[in-house]
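Visitor: I would like a close look at one part of this model, with the cut-offs spelled out.

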Amino acid sequence: MIYDGIIVGAGHAGVEAALAMARMQKNTILITGNLNKVASLPCNPSIGGPAKGIVVREIDALGGQMAKSADKGQIQIKMLNASKGPAVRALRAQIDKLLYPKIMLQVLQETKNLTLLEKLVDQLIVEGNEVKGVVLQSGEKIYGKTVVLTTGTYLSSNILIGKEKTTSGPHGEPTTFGISSQLKALGFDVVRLKTGTPQRIAIDSIDPSKMVVQPGDDIQWTFSYENNYHDENPQRVCYLTHTTPKTHEIINEHLTESAMYSGAVEGVGPRYCPSIEDKVVRFSDKNRHQIFIEPESLSLDELYVQGFSTSLPREVQEEMIKTIPGLEHVKIVRYAYAIEYDAINPIQLKSSLETKRITNLFCAGQINGTSGYEEAAGQGLMAGINAALKLDNKGPFVLERHEAYIGVLIDDLVTKGTVEPYRLFTSRAEHRLLLRHDNADSRLTEYGYQIGLIDKNTYQRFLTKTETIESLRRAVNQYRVMPTEENNLYLEQRGSARIYEAMTIADLLKRPEINRKDIVYFLGNGYDEDILEQVEIDIKYDGYIKKAKKEVDRMTHLEHKLIPANINYKDINNLSSESREKLLKINPRTIGQAARISGVNPADISVLVVYIESGMKKRA
């Protein structure tokens, strides 16, 4: 039997890739070492956060699964940056790490066109420059028209605690050596990366009275646009505490015993999620660092020590954690460790996440140098979609930077590469005011429907919502608030100035004190909160949004100007040597992508455009 798609690995990337292909009517097989660990949360038991929470909404708008499962598995949820501008608002949820994989496994088991196989993959079957399938560790061969590698941190991985180095995947699970060694033999640039995880501690061994309680929001937020909040999920609190000068003193005394600083670690660690010893060294002027104590599961008496990742020896971990207020008598259930693993340099990928070297081989998730469950899931969804589209002889589905954070993520990877685990931030998106939490469905649902991942009922609800938003927008632009005494008293109660002539609600919304509550006051309470929110943002930030859209329009012609696939940069005169080298290495798809390559300057882009246009004229 020849499958349409073989998905290797069942982390967050693998799950989304498998579901996308199967839902697009492709005969798909998902191969993983342990089906009970699908979509596991080996590090922080949370989903979402700055930029990442918006990615989860984008996955949902495109027809992916993460948002729906996160809503079912959350045990605390809150909107981050709620008091700030809409461009930086994002949901973050604590997830029950035992429940979430069970939810995902049930979804996988109930999905048509999807076979689940509990085995380990050792090698790829490659003929010429085309992948044909995989070889299991048992020697059995499975053939497929496309293969998606989503191997996470399991390629030639080592666990490091102090000077101990153990060949293992996360939490003692088996690693694999065959795939990464084969990728090297095939000419791929394989890099060594490192990440880590903190201690897990017993819930009954902490003193909450010495910490600051961090509750979730009272508002029933959901990641999914289905708006199905699960009231049966009991909510748990988190706690905030801090390291102390004594903590830092112990870390500095034992710094040479850390795997990170002893030379035992070969891989490059994440800049934006450093170990505690890395924080103490890099930010030596700070006398304390935030530590969040977070629940892992309703079924576990364990807590996660967010911000205390380390690879120091166990006895040092015992000593330093007890210097933190509230943890003086803490019991460590599992010690922190670092993990290093193989990944590929992502500039070896096309924008579709297909590798440039091997046809029909796609890669998604941490194998591409990223960190985070959300980045992995977004890549997995796109890889699965593009593998299915290629089987149908259709062009790739590529999201542009102004359309989605997923587009920013993939473009950064394939254009700039990464030498450390990549993490999404709102600051990476130049059009972030357009890429908001509230409007992911209006940006992407049409794509999801056309691809076949959004069903007709969901699409019809989206169209109805869109019509309602437009209707409300017209109403707030047309309804005129008269300068009556009653209306002026109301405005003064809202902290806003009186009016002396009729004004539309839209004009009033430009005032900082006026918001969607006032829309309800003047027009009545006939609208859902998400509709009121989107109209409020669109009107209140209208000038900024128009400016952002003009900038997108200015750049669009570069993004849509394709570079011929057979171009030879060695033939182009007047290109700088650095630009020629970078263009040859990355082989950008469009002029816009070429312009974002580090080392390619505007003068070289002008030369490239003239060369392409003159060549087109000659061929015509």
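Which element supplies the largest share of the lining of the second largest pocket, and how many residues is that?

Guide: Helix α17 (residues 529-540) does, with 7 residues; helices (H or I, at least four residues) and strands (E, at least two) are DSSP runs numbered from the N terminus. This is a predicted model, in which local features need pLDDT of at least 70 and side-chain atom pairs 80 or more, while totals for chains, interfaces and linings use all residues. Residues are numbered from 1 along each chain as its sequence is written, and side-chain values use heavy atoms, without hydrogens and water. The chain averages a pLDDT (the predictor's confidence in each residue, from 0 to 100) of 92, and 97% of the residues score at least 70.

The second largest pocket holds about 730 Å³ of space. Trp221, Arg516, Glu529, Asp530 and Glu533 are the closest to its centre, out of 29 lining residues. By class, 13 of the lining residues are charged, 10 nonpolar and 6 polar. Here charged means Asp, Glu, Lys and Arg; nonpolar means Ala, Val, Leu, Ile, Met, Phe, Trp, Tyr, Cys and Pro; the others, Gly among them, are polar. A pocket is an open set of points on a 1 Å grid over the protein atoms alone, where a 1.4 Å probe fits, with protein on both sides within 12 Å along at least five of seven lines; lining residues have an atom within 4 Å of a point. The volume is the space filled by probe spheres set on the points, which are joined across faces, edges and corners.
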